Amino acid sequence: MIDKVFEYIRANKDILINELCGLIRIPSEKGERTESCPFGEEVDRAYSYMLGLAEKDGFSVFDADRYGGHIEFRGRGGEVMGIAGHLDVVPAGNGWDHDPYGAEIDDGRIFGRGTTDDKGPVMASYFAMRALKECGFEPEKTVRLILGLDEETDWYGMDYYLSMTERPDFGFTPDGNFPAIQGEKGIMVFDIAQKFGRGPGDGLRLRQVKGGNAANMVPDHAKALVLGSREDYEKIKERAALFRKETGYDIAVRQAGKSLEIKAAGKSAHGANPDAGLNAVSVLMAFLGTIVFANDDVNSFVEFYNNHIGFETDGTGMGCGFEDAPSGKLVFNAGVVEISEKAAALTCNVRYPVTLKAEDVYEGMSPLLAEHNMGVIKKSHQYPIYLTSDDTLLKTLVRVYRERTGDMESVPLVIGGGTYSRAFDNMIAYGAEFPGDEELMHQKNEYIETERLVKLAEIYAQAIYELAK
């Protein structure tokens, strides 16, 4: 049976590719809420696209008031296997070599936001269900492809969906790494905030700093506006030239009306792996640290950032540089900054080890923040998860991966990423990133190889077959 399914996938790979390209062309970044589209019209359009495919192919569908839903391959028994993916994407950002929503195919690669996170894996999972159905597979357990619509932001949609239907008994989410994810670190999002006192009326002023798109992305851009004299501007331009020469970082300075605009460029990466990117906010703050502003509170905040965060990604400078044996070091990402002449707010995304608690992190930072008269605004938290090595679901999925790839060396991982596994019981992340793959999630020029897409469909088809028969 399963060999017949593989043959179907290979014979129909052009359909798989074309249907993914259609989904990629929908720019499903979270948009303005409307009465019928809780997460914006484009996210809803991607959702309708998937439900339309399912209805055409004869699957049952369930819609939870446009907050999310599922596609169902009904089985004979009462158990339900879930596959939880998402159709929303992080903002595309700048600097792409291909249209991020063009789904251009170049040298066997489909380029576009969402090709790896998570539209490509969702489509591979759906095509695996279609292949099994078309080849006559009759599952004992119902297979349910759950479509999340705000995974990259607040998960309100998943909460609403789960309030409208029963949870699956077990399953996986195609939104992590192979051979499988054994655990996920705890995730916190919070703001570090400080109010500034009124500075002197004259002198060089830092009017504004903005940088980053989302807490869970390494910022690839940041800019500042300063207001001062022509002499101030000439000195800043000279410092910028020297800074570029000494550091190699990308700093650009130009006149913007009466102000001087300072731009920093970095490299985006997923907030779970900030070492794979270059934080543009950190680049900008490093440069601003070479300038003395009239307001001492502004200078103090810049100094604090450079001394205690800077380019460090494990939280040591903030007093929360924890680690443990199962999951390694804490991960600290400064994702978004907004500074005015009155206040500063830095949105941070922390992934903490599985044996710790969120309060351990807050307590670790507390003395330092109190010393600098800074506050914390808690925004969101997801608890860590961890499975033992003898877990049946984990062992089955790892075996399927090894049979389909021949990779007998790679072992299950503990990651900093946060997947929909946290929203369910007995669910783990399973692919779609392979060992040794280039890190593409949340980065410009995101792509998936067409052959890799086919391989994903084969792996997910066998996993469904093994778990649902």
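1. A polar contact is a pair of N or O atoms within 3.5 Å, and within protein one must be able to donate a hydrogen and the other to accept it. Keep that in mind for Ser 327. The model is predicted. In it, the side chain of Ser 327 makes such a polar contact with the side chain of Asp 324, at 2.5 Å.

2. Where does Ser 327 sit? Look in the loop between strand 15 (323-324) and strand 16 (328-329). Ser 327 has a relative accessible area of 10%, so it counts as buried, the cut-off being under 20%. Leaving aside residues up to four places away in sequence, Ser 327 touches Lys 185, Pro 353, Val 354 and Val 414.

3. Next, helix 5 (residues 156-164). Its buried residues are Gly 157, Met 158, Tyr 161 and Leu 162. They lie on the same side of helix 5 because they cover an arc of only 130 degrees around the axis. Three strands pack against these buried residues: strand 1 (60-63), strand 2 (69-73) and strand 6 (142-148). Tyr 156 and Ser 163 are exposed, on the face of helix 5 turned away from its buried side.

4. Now a helix pair. Two packed helices are described by the angle between their axes and the distance between the axes. The axes of helix 2 (residues 13-24) and helix 4 (residues 119-134) come within 10 Å and cross at roughly 140 degrees. Helix 2 and helix 4 are therefore oblique to each other. The crossing of helix 2 past helix 4 is right-handed.

5. Which residues meet between these two helices? On the helix 2 side they include Ile 15, Leu 16 and Glu 19. On the helix 4 side, Met 123, Ala 124 and Phe 127 are among them.

Technical notes: Residues are numbered from 1 along each chain as its sequence is written. This is a predicted model: local features need pLDDT of at least 70, side-chain atom pairs count only at pLDDT 80 or more; totals for chains, interfaces and linings use all residues. Side-chain values use heavy atoms; hydrogens and water are left out. Helices (H or I, at least four residues) and strands (E, at least two) are DSSP runs, numbered from the N terminus. Buried means under 20% relative accessible area, exposed over 50%, partly exposed in between (1.4 Å probe, protein chains only). Contact means heavy atoms within 4.5 Å. The arc is that of the directions from the helix axis to the C-beta atoms. Axes are lines fitted to C-alpha atoms, for helices over the stretch in contact, and angles run from 0 to 180 degrees between N-to-C directions. Angles under 35 degrees count as roughly parallel, over 145 as roughly antiparallel, 65 to 115 as roughly perpendicular and the rest as oblique. A crossing is left-handed if the near helix is turned anticlockwise from the far one by less than a right angle, and right-handed if clockwise.
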